[in-house]
Amino acid sequence: MTEERAGSARGARSFPPWGRWALLVALTVVLTVLLQGFGVPSPALFAGLAVATVLALIGIGPARVARPATSAAQAVIGVVIGVLARPETLSAVAASWLPVLLVSLGTLAVSMAAGLLLGVQRGVSPLTGMLALTAGGASGLVAVTRELGGDERIVSVIQYLRVGMVTATMPIVATAVFGAGHVGVGGTGPTTGPWYLGVALVAVCALVGVPVANRLHVPAGALLGPMVIALALSLTGLTFDASPPTLLVDLAYAVIGWQAGLRFTRPALRTVLRILPLATALILVIVAACAGLGLVLSAATGATRLDGYLATTPGGIYAVLATAISSGGDVTFVVAVQVLRVIFMLLVAPFLARLVGRRWGGGQVEAGGSR
């Protein structure tokens, strides 16, 4: 052991387990608040990932996140996604269901092709590449990557690079290319009922959805089981306008970020940095392809070109909502297509990932092994 490593090991031993967790939680809270001030999407996940990565690299992070905690976090995120679908969501696209479905399939095909190309890179499996570039449900895909056999360190960085790039460029593209008027930069979320109804909703969806998904051997059951139950309750109006409380959602995001960040090593970090140029180029290809699909959707449904672009933009649903509102677009149509795309991706991607893993392999290993 080198002198540097010995010093790091001595420093790590000076932190008891409770102290490591206290430091991780405290720094995550501080960074989450700072990122919220800058309007970063999913700030708690970003903060959890960043803080856990730094602490892991310097040797003073907790060993790992317990599996029950990650399963609970997946359930919360599943419910968050499920309640986005409401009766008005389906009615908004009922007459155009075929073009919407075909555009969603096109987005999936483009994402998968780009992901498999990323998987050609040394240190990245095809399965990890596919999950990293699937355009839909970033937090959900990060949450279930390890369970599916991919490397959540790579997936988390690339997925949120996509969301960040889309969110940052959307107002510019909407104005310069599609002639939008004033474009807002903020985001807005769904209205929620009392917090205790939201907690009860999560509990019911988890207690029913997870056992059913496990019994049916559904991949990523901790996410998909509660998501499907929440989806059914939302579409039948039985959620009573409840959704998971913000604090619970932030905690779930932080746990998912911790799960990925605590597994970072220096070789893993080098691998992620090495693939960023190709990943960035592939994200731009996906964004351009989705814009093209938006033009197809516009022609097939009679929507404006701007609404078609916003409806098919691969990421940042609340930024899309804000842009549609401030530009005077058809908000209901745009959000309906976006929500259905996310749900479609999350329902299909785990099954395709399992097939890819069986065909080409996908183990956890790619970026430097486990800690």
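Keep in mind that the model is predicted. Its largest nonpolar core has 80 residues, and helix H16 (residues 331-360) gives the most to this core. Two helix pairs get a closer look below: H4 with H11, which are roughly parallel to each other, and H6 with H13, which are roughly antiparallel.

**The cores**

- Inside the largest nonpolar core, with its 80 residues, the ones with the most contacts are Ile77, Leu131, Leu133, Ile158 and Leu346.

- Helix H7 (residues 126-133) is mostly covered, with eight of its eight residues buried.
- The buried residues of H7 are Pro126, Leu127, Thr128, Gly129, Met130, Leu131, Ala132 and Leu133.
- Setting aside neighbours within four places in sequence, Leu131 is in contact with Leu141, Thr145, Leu148, Val155, Gln159 and Ala353.
- One of those partners, Thr145, belongs to helix H8 (residues 138-148).
- Thr145 has a relative accessibility of 0%, so it counts as buried.
- Not counting residues up to four places away in sequence, Thr145 touches Leu131, Gly150, Asp151, Glu152 and Val155.

**H4 against H11**

- Helix H4 (residues 67-82) packs with helix H11 (residues 221-235) at an angle of about 30°, and their axes are 7 Å apart.
- Angles under 35 degrees count as roughly parallel, and H4 and H11 are therefore roughly parallel to each other.
- The crossing of this pair, H4 and H11, is right-handed.
- On the H4 side the contact is made by Ser71, Gln74, Ala75, Ile77, Gly78, Val79, Ile81 and Gly82, and they meet Ala222, Leu223, Pro226, Met227, Ala230, Leu231 and Ser234 of H11.
- Sorted by class, the residues of the H4 and H11 contact come out as 10 nonpolar, five polar and no charged.
- Ile77, one of the H4 residues in this contact, is also listed with the most contacts inside the largest core.

**H6 against H13**

- Helix H6 (residues 97-118) and helix H13 (residues 266-301) have axes that come within 10 Å and cross at roughly 165°.
- With angles over 145 counting as roughly antiparallel, that makes H6 roughly antiparallel to H13.
- Here, too, there is a right-handed crossing, of H6 with H13.
- H6 residues in the contact include Pro99, Val103, Thr107, Val110 and Leu117, while those of H13 include Ile275, Leu282, Cys290, Leu297 and Thr301.
- The class count for the contact of H6 with H13 is 17 nonpolar, four polar and no charged residues.

- Gln259 lies in helix H12 (residues 246-261), and since its relative accessibility is 8%, it counts as buried.
- Beyond residues up to four places away in sequence, Gln259 touches Val65, Thr70, Val142, Ala143, Arg146 and Glu152.
- Gly198 sits in helix H10 (residues 195-215) and counts as buried because its relative accessibility is 0%.
- Although Gly198 and Pro244 are 46 residues apart along the chain, their C-alpha atoms are separated by 4.4 Å.
- The residues Gly198 touches, again not counting those up to four places away in sequence, are Ala242, Ser243, Pro244 and Pro245.
- Leu310 is part of helix H14 (residues 305-312), and at 0% relative accessibility Leu310 counts as buried.
- Leu310 and Gly329 are 19 residues apart along the chain, with 9.1 Å between their C-alpha atoms.

**Two loop residues with positive phi**

- His217 is in the loop between H10 and H11, and its phi is near 60°, a positive value in a residue other than glycine.
- At 62% relative accessibility, His217 counts as exposed.
- Asp241 lies in the loop between H11 and H12 and has a positive phi of about 60°, although it is not a glycine.
- Asp241 counts as partly exposed, at 49% relative accessibility.

Methods. Residues numbered from 1 in each chain as written. Predicted model: local features only at pLDDT ≥ 70, side-chain atom pairs only at ≥ 80, totals over all residues. Heavy atoms only, no water. Core = buried A, V, L, I, M, F, W, Y, C linked by side-chain atoms within 4.5 Å. Buried < 20%, exposed > 50% of the residue type's maximum accessible area, 1.4 Å probe, protein only. Helix = DSSP H or I, 4+ residues; strand = E, 2+ residues; numbered from the N terminus. Contact = heavy atoms within 4.5 Å. Axes fitted to C-alpha atoms, helices over the stretch in contact; angles between N-to-C directions. Parallel < 35°, antiparallel > 145°, perpendicular 65-115°, else oblique. Left-handed = near helix turned anticlockwise from the far one by under 90°. Nonpolar A, V, L, I, M, F, W, Y, C, P; charged D, E, K, R; others polar.
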